[in-house]
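Let's take a friendly walk through this model. Please have the viewer open as you read.

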Number of protein chains: 2
Amino acid sequence: MAELETDPIVRLTGALDPRGGWSASRCTIAKAIDVVGNRSAFLILREAFYGTTRFDDFAARVGVTESVAAARLKALVDEGLLVKRPYREVGERTRYDYHLTEMGADFFPVLTALMQWGERWREPAGVQLRHRDCGAPVHAELRCDQGHPVTVREIDLVPKSAAGTAQAAAADSED
Amino acid sequence: MAELETDPIVRLTGALDPRGGWSASRCTIAKAIDVVGNRSAFLILREAFYGTTRFDDFAARVGVTESVAAARLKALVDEGLLVKRPYREVGERTRYDYHLTEMGADFFPVLTALMQWGERWREPAGVQLRHRDCGAPVHAELRCDQGHPVTVREIDLVPKSAAGTAQAAAADSED
DNA sequence: CAGCTGACTATTGTTAACCATAGTCAGACC
DNA sequence: GGTCTGACTATGGTTAACAATAGTCAGCTG
């Protein structure tokens, strides 16, 4: 019953153990999903990372109606992931295109991780992400701030209020 | 107009450039979203990584009705991310709990990346992921198979059919 | 067999996401 | 002002996701 030693789960620590004493009612993941937790948002962001900027291209390449593209683009602009900028080609009227903001750019690891998961477990993609300088495939992975690669089984879930304590304890052991 | 030099986007290469010559109609991301692209799936998986295994705990901790929990748990079992196992406590009848499979475990980087994005841009979480051995915070990042940290601007999107060619070219330049 | 109780199933209703389609608007040019 | 056309807005309809609630079922024990 409950979690097995071999289960790929994080370890709860401090006030978070036992799990029964709390619940993550409005956690960060839930808040992120409120903004981007729908199909068209994910796919529009994917297209933005591929360099798509124009309204009709977004609608066509994502495969949604113009009304859906309009609503979603507006929402992503309102939320700050995209910014709408005017441009003007000679002989044409002012139009607007959509560019990723820093907030939008920070979403790329999510898309990469999702693509990676889908690559392995759903269906291999027809494309691949590669590091331009060395040509090696790119993937999302977990690392700690010391640079160690980390698996989920090596991870502790720590309450923020106790974070300082754990840091101090680690510093002491280094002394 | 179109993409700026400074835009945080990948570079399209080979048959993928120009972008107008193709579209990612049923890409890997879209296929992944078909399975997990709803709020309750994300949150149930989050709970599974926190060690939740029992039906009533999933429903309560995620904050959905039992019927939603049942439907989503079933779907995640059918898709292979969770497995349903019987257990029996003394004096009680056989019950079942839900455990992550390897396929489910591979979803953790997606959740971590999403949490990271939400942490920075939505609202800081009350908890933190830390590397057990050294105590440092854990994050999702992009790396190439050679171990280089990579930003989105340093990434090429390569067609799979051309991937071997790029590899061979890289090998030649090493000779 | 009856009782218990956790894990669903069933039903009705709401809302968000999305489709198809028609219509309007804005910003240029002539 | 008229025309053009890309970017929406509006409308009616469908579907998936979800809530609230009642009911059924399964696997034990006594």
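## Aromatic pairs

Please keep in mind that this is a predicted model. Over all chains, the structure holds 10 aromatic pairs. One of them joins A:Phe58 and A:Tyr98 in an edge-to-face arrangement, with 6.2 Å from centre to centre and 80° between the planes. This pair links distant parts of the chain: A:Phe58 belongs to helix H3 (residues 55–62) of chain A and A:Tyr98 to strand E3 (residues 95–100) of chain A, 40 residues apart. A:Phe58 counts as buried because its relative accessibility is 0%, and A:Tyr98 is buried too, at 10% relative accessibility.

Chain B has a pair of its own to look at. The ring centres of B:Phe58 and B:Tyr98 are 6.2 Å apart and the planes are at 80°, so this pair is edge-to-face. B:Phe58 sits in helix H3 (residues 55–62) of chain B and B:Tyr98 in strand E3 (residues 95–100) of chain B, so the pair ties together parts 40 residues apart in sequence. Both B:Phe58 and B:Tyr98 are buried. Elsewhere, A:Phe42, A:Phe107 and B:Trp117 make up one aromatic cluster.

## Charges over rings

Two spots deserve a click. B:Arg61 places its charged end over the ring of A:Trp22, at 4.5 Å from the ring centre. Within chain B, the charged end of B:Lys84 sits over the ring of B:Tyr96, 5.4 Å from its centre.

## Around DNA strand C

By class, the surface near DNA strand C has 10 charged, eight polar and five nonpolar residues.

B:Glu66 turns to a base instead: a polar side-chain atom of B:Glu66 is 2.8 Å from a base nitrogen of DNA strand C. Elements that give two or more residues to this surface are helix H2 (39–49) and helix H4 (66–79) of chain A, along with H3, helix H4 (66–79) and E3 of chain B.

## Around DNA strand D

For DNA strand D, A:Glu66, A:Tyr98, B:Ser40, B:Arg93 and B:Thr94 come nearest of the 23 residues around it. Sugar and phosphate make up 71% of the atoms of DNA strand D that come within 4 Å of the protein. H3, H4 and E3 of chain A, together with helix H2 (39–49) and H4 of chain B, each supply at least two residues of the surface near DNA strand D.

An N or O atom in the side chain of A:Glu66 is 2.9 Å from a base nitrogen of DNA strand D.

## A closer look at A:Arg143

Is A:Arg143 buried or exposed? A:Arg143 is buried, because its relative accessible area is 13% and the cut-off for buried is under 20%. This residue is found in strand E5 (residues 138–144) of chain A.

The side chain of A:Arg143 makes a polar contact of 2.4 Å with the side chain of A:Glu141 and reaches the backbone oxygen of A:Gly147 at 2.9 Å. Leaving aside residues up to four places away in sequence, A:Arg143 touches residues including A:His148, B:Pro137, B:Glu141 and B:Arg143.

Key:
Residues are numbered from 1 along each chain as its sequence is written. Chains are lettered from A and ligands numbered from 1 in the order in which they are written. This is a predicted model: local features need pLDDT of at least 70, side-chain atom pairs count only at pLDDT 80 or more; totals for chains, interfaces and linings use all residues. Side-chain values use heavy atoms; hydrogens and water are left out. Rings of Phe, Tyr and Trp (its six-membered ring) pair if their centres lie within 6.5 Å; planes under 30 degrees apart count as stacked, over 60 as edge-to-face and the rest as tilted. Helices (H or I, at least four residues) and strands (E, at least two) are DSSP runs, numbered from the N terminus. Buried means under 20% relative accessible area, exposed over 50%, partly exposed in between (1.4 Å probe, protein chains only). A charge sits over a ring if NZ of Lys or CZ of Arg is within 6 Å of the ring centre and within 35 degrees of the ring normal. A polar contact is a pair of N or O atoms within 3.5 Å; within protein, one must be able to donate a hydrogen and the other to accept it, and residues adjacent in sequence count only if both atoms are side-chain atoms. Ala, Val, Leu, Ile, Met, Phe, Trp, Tyr, Cys and Pro count as nonpolar, Asp, Glu, Lys and Arg as charged, and the others, Gly among them, as polar. Contact means heavy atoms within 4.5 Å. A residue is near a molecule or strand if one of its heavy atoms lies within 4 Å of it.
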